[in-house]
Amino acid sequence: MQDESRGLYSLKELDGFPYRYELHMHTAESSKCGVSPAADMVDELKRLGFTGAVITDHFVNGNGRCDRQAPWETQIDQILSGYRAAKKRGDEIGVQILFGWEASIEGKDYLTYGLDEQFLYSHPRLGKMPAREYAELVHEFGGFLIHAHPFRKAWYFPPEHKAELLEGVHDAVEIYNAGNGRQEYNDEAFEYAKAHNSVMTVGSDTHWIESIGAGTMAFPRRAKDIRDLISMIKSRECRMLTTPLDEIRQKK
Ligand SMILES: [Zn+2]
Ligand SMILES: [Zn+2]
């Protein structure tokens, strides 16, 4: 194993868990920091043997590529464009593309899973809600929140940013984020999740094709849909994989 104490597996340890997914992925279309277009990302997923991915572009309250002065529907169209391009390509070549987004609230980032496009169009206050109100609404509609890289410190966080987790807001904690600048941010996230017995995930937080595959999850079966994927995460029917990037690409 990559790290037995944390339950982190390597790419060679997929026995019983052959279906791999990226859980944290951005596109150039909908994230300002995104570099590779969605279709190229999906092509790379296919080449690397992934079953699928959840597209988690930044939202209107984060680094989403959208015009904040435009009507709400237009902003959502822009936020969805990366997902839609990924889904189209995924349908063509057989990569399962699932929908999510990354909301940024009070300097904290929440991967939001399990809700549909209509949910976004019908809630024009979504980008302005404080974390607890946001979480209540998401949970009321059956959604799932992963607190992404909770202990990351970065230049783009607002001055009021505190590295803290709000109990009752998140449903899972991202204990390894390949985009974290320092290992200690992952260490702190793991220690927190362990102490709270939180459900854990890992994510590549990939913004370009070269970093696809750094932190991914493996499952015993193909997810029927995003809710099914959530249920496997919740019941811990999954494996967390961390892989040095050169190793992933050597394999192919
Ligand atoms: Zn980003
Ligand atoms: Zn992200």
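**View 1. Arg65 sits in the loop between β3 (52–58) and α2 (72–93).** Helices (H or I, at least four residues) and strands (E, at least two) are DSSP runs, numbered from the N terminus. This is a predicted model, in which local features need pLDDT of at least 70, side-chain atom pairs count only at pLDDT 80 or more, and totals for chains, interfaces and linings use all residues. Residues are numbered from 1 along each chain as its sequence is written. Arg65 is partly exposed, because 19 other C-beta atoms lie within 10 Å (buried means 20 or more such atoms within 10 Å, exposed 12 or fewer, partly exposed in between; C-beta atoms are placed from the backbone). Beyond four places in sequence, Arg65 touches Glu29, Ser30, Ser31, Lys32 and Gln78 (contact: C-beta atoms, placed from the backbone, within 7 Å).

**View 2. Helix α6 (residues 226–234) has buried residues Ile226, Leu229, Ile230 and Ile233.** They cover an arc of only 100 degrees around the axis, so they lie on the same side of α6. The arc is that of the directions from the helix axis to the C-beta atoms. Arg236 follows α6, with a positive phi near 60 degrees.

**View 3. Val54 has contacts with Tyr21, Leu23, Met25, Leu98, Gly100, Tyr113 and Ile226, leaving aside neighbours within four places in sequence.**

**View 4. An open sheet of 10 strands has mixed pairing.** Its order is β1-β10-β9-β2-β3-β4-β5-β6-β7-β8. β1 (8–9) and β8 (199–203) are at the edges, each with a single partner strand, so one side of each lacks a neighbour in the sheet. Strands pair if DSSP finds at least two bridges between them.

Conventions. Chains are lettered from A and ligands numbered from 1 in the order in which they are written. Two residues are in contact if their C-beta atoms, placed from the backbone, lie within 7 Å.
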